[in-house]
Amino acid sequence: MKTEDLIAALAADNETRAAPMSRAFALDLGAGFIVSVAFFFAALGVRDTFFASLGDPRFLFKFVFSLSMAASGFVLAWRLARPGADARRAVNAVAIAPALIVAACVAEMAVTPSSLWAERMIGHNAVHCLTLIPLMALAPLVGLFAALRHGAPGDGRHAGAAAALASAGLSATLYAMNCADDSPFFLAVWYVIAAAIVVIAGWLAGGRWLRW
């Protein structure tokens with residue numbers, strides 16, 4: 001076989017393998033997220049002031065923050081699904097969510113009396129936040145793990161942590177629709193701790209279930 005023919009055959013083989021993994025990510029993550037959505041509306045539902053709150057920048061920022069976690073985690077997991085893939089840009093994107101929350105907290109400090117900082121940080125639903133975000137992240141995380149097994153992650157722990165970050169972001173997006181605490185201070189503490197719980201679990205599980 002000529003060298004050119006061999007290269008063309010290898011390229012075609014790579015293309016045929018990429019398509020099933022793309023479908024796996026879409027189907028497996030989609031199925032997991034649907035489970036979480038069904039649980040959310042069956043057990044929680046949106047808060048009574050949901051539509052009235054759409055004009056509140058603090059309320060809307062919760063979704064910017066959570067979706068930035070989900071997007072950066074998903075892109076990183078996608079990159080890490082292939083051994084030797086260049087994931088540097090995806091890794092850098094993970095810093096977007098922390099940068100956003102720091103900026104939001106600085107803005108909150110500028111417009112909120114310091115006597116209210118602790119109250120807004122503690123909020124009213126910390127226990128629910130720490131429980132429900134990890135719980136609703138479970139199904140999307142299982143879906144992403146299933147999708148990642150269609151690839152060949154070079155580092156299962158890092159791939160698992162990235163998948164967990166994406167799952168935590170999706171779960172936090174759902175929870176934010178019910179949560180009555182809109183202050184960035186609350187997000188910076190309780191949402192971040194809840195996401196960290198999921199990421200640590202994903203890192204540990206990835207070392208076991210994403211090895212090849």
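How far is the sulfur of C105 from the closest cysteine sulfur? The separation is 14 Å, to the sulfur of C129, which is too far for a bond. A disulfide is taken here as a pair of cysteine sulfur atoms within 2.5 Å, and by this rule the count is zero.

This is a predicted model, in which local features need pLDDT of at least 70 and side-chain atom pairs count only at pLDDT 80 or more, while totals for chains, interfaces and linings use all residues. Residues are numbered from 1 along each chain as its sequence is written, and side-chain values use heavy atoms, with hydrogens and water left out.

| Cysteine | Closest cysteine sulfur | Relative accessibility |
|---|---|---|
| C105 | 14 Å, in C129 | 12% |
| C129 | 6.3 Å, in C179 | 0% |

Both C105 and C129 count as buried (under 20% relative accessible area; exposed is over 50%, partly exposed in between; 1.4 Å probe, protein chains only).

The protein chain has eight helices and zero strands; helices (H or I, at least four residues) and strands (E, at least two) are DSSP runs, numbered from the N terminus. Along its principal axes the C-alpha trace spans about 75 × 35 × 30 Å. Of the 212 residues, 42% count as buried.

C105 lies in a buried set of helix α4, together with A97, I101, A104 and E108. These residues sit on the same side of α4, because they cover an arc of only 105° around the axis, taken from the directions from the helix axis to the C-beta atoms. The face turned away from this buried side carries the exposed residues V102, V106 and A110. Helix α4 covers residues 96-111 and reaches 23 Å from its first C-alpha to its last, close to the expected 22 Å (1.5 Å times one less than its number of residues).

The buried residues of α4 pack against α2 (57-80), α5 (117-122) and α8 (184-209). F65 touches A97 and I101, and also L187, Y191 and V192, not counting residues up to four places away in sequence; contact means heavy atoms within 4.5 Å.
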